[in-house]
Amino acid sequence: MAPKADWAKHGEMSRICLDLLRRASGPISGRDIAIAFMTARGMDTDDAKMVRLIAKRTACCMRGLRDRELAASEDGPGQPLVWRVAES
C-alpha cells in the first residue's frame, strides 16, 4: 500500500521533522518521528505497513537533514539511532 499522492509536498517532511526535533525535550527515535509525521498529516497510525513505509521515508529525510548539518544522530537505548537538532 502506498500513501496518497498528496501525503507530503516538496520539503514538507523535512519541515515537519525539523519542527518536531525543535519541540522535543530530548533525542527522539526515528519511529516516533514517523508516527508524529503521520499524525500531523492525518494518516492512519494503526496501519503497520504504512508506519514501516513512512519510517523508511522518515529515515531517509533525517539522513538528509544530518548531511545538511541540521540534525544529528546518536546511538539510543534499544534503538538504532535517536535524533536531535544539530548544534550550531
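Trainee: What volume does the largest pocket have?

Mentor: The model considered here is predicted. In this model, the volume of the largest pocket is about 220 Å³.

Trainee: Which residues lie nearest the centre of the largest pocket?

Mentor: Eleven residues line the largest pocket. Those nearest its centre are Gly 30, Arg 31, Ala 59, Leu 81 and Trp 83.

Trainee: Which elements give two or more residues to that lining, and which gives the most?

Mentor: Two or more residues each come from helix 2 (30–40), helix 3 (48–67) and strand 3 (79–85). With five residues, the element that gives the most to the lining is helix 3.

Trainee: Is Ala 59 buried, partly exposed or exposed?

Mentor: Ala 59 has its place in helix 3 and is among the residues nearest the centre of the largest pocket. Buried requires a relative accessible area under 20%, and exposed requires over 50%. Because the relative accessibility of Ala 59 is 27%, this residue counts as partly exposed.

Trainee: Is Ser 29 buried or exposed?

Mentor: Ser 29 belongs to strand 1, which covers residues 28–29. The cut-off for a buried residue is under 20% relative accessible area. Since the value for Ser 29 is 7%, Ser 29 is buried.

Trainee: Which backbone atom does the side chain of Ser 29 reach, and at what distance?

Mentor: A polar contact joins N or O atoms within 3.5 Å. The side chain of Ser 29 reaches the backbone nitrogen of Asp 32 at 3.1 Å.

Trainee: What distance separates the C-alpha atoms of Ala 59 and Ser 29?

Mentor: Ala 59 is in helix 3, whereas Ser 29 is in strand 1. Along the chain the two residues are 30 residues apart. The separation of their C-alpha atoms is 9.9 Å.

Trainee: What pattern does the protein chain follow along the sequence?

Mentor: The protein chain contains three helices and three strands. Read along the sequence, their pattern is α-β-α-α-β-β.

Trainee: What share of the contacts with a separation of 6 or more is between residues 24 or more positions apart?

Mentor: Contact here means heavy atoms within 4.5 Å. Among contacts in the protein chain with a separation of 6 or more, the share from residues 24 or more positions apart is 52%.

Trainee: What percentage of the residues in the protein chain is buried?

Mentor: The protein chain has 88 residues. Of these, buried residues make up 34%.

Notes: Residues are numbered from 1 along each chain as its sequence is written. This is a predicted model: local features need pLDDT of at least 70, side-chain atom pairs count only at pLDDT 80 or more; totals for chains, interfaces and linings use all residues. Side-chain values use heavy atoms; hydrogens and water are left out. On a 1 Å grid over the protein atoms alone, a cavity is a set of points where a 1.4 Å probe fits but cannot get out, and a pocket is an open set with protein on both sides within 12 Å along at least five of seven lines; lining residues have an atom within 4 Å of a point. Grid points are joined across faces, edges and corners, and a volume is the space filled by probe spheres set on the points. Helices (H or I, at least four residues) and strands (E, at least two) are DSSP runs, numbered from the N terminus. Buried means under 20% relative accessible area, exposed over 50%, partly exposed in between (1.4 Å probe, protein chains only). A polar contact is a pair of N or O atoms within 3.5 Å; within protein, one must be able to donate a hydrogen and the other to accept it, and residues adjacent in sequence count only if both atoms are side-chain atoms.
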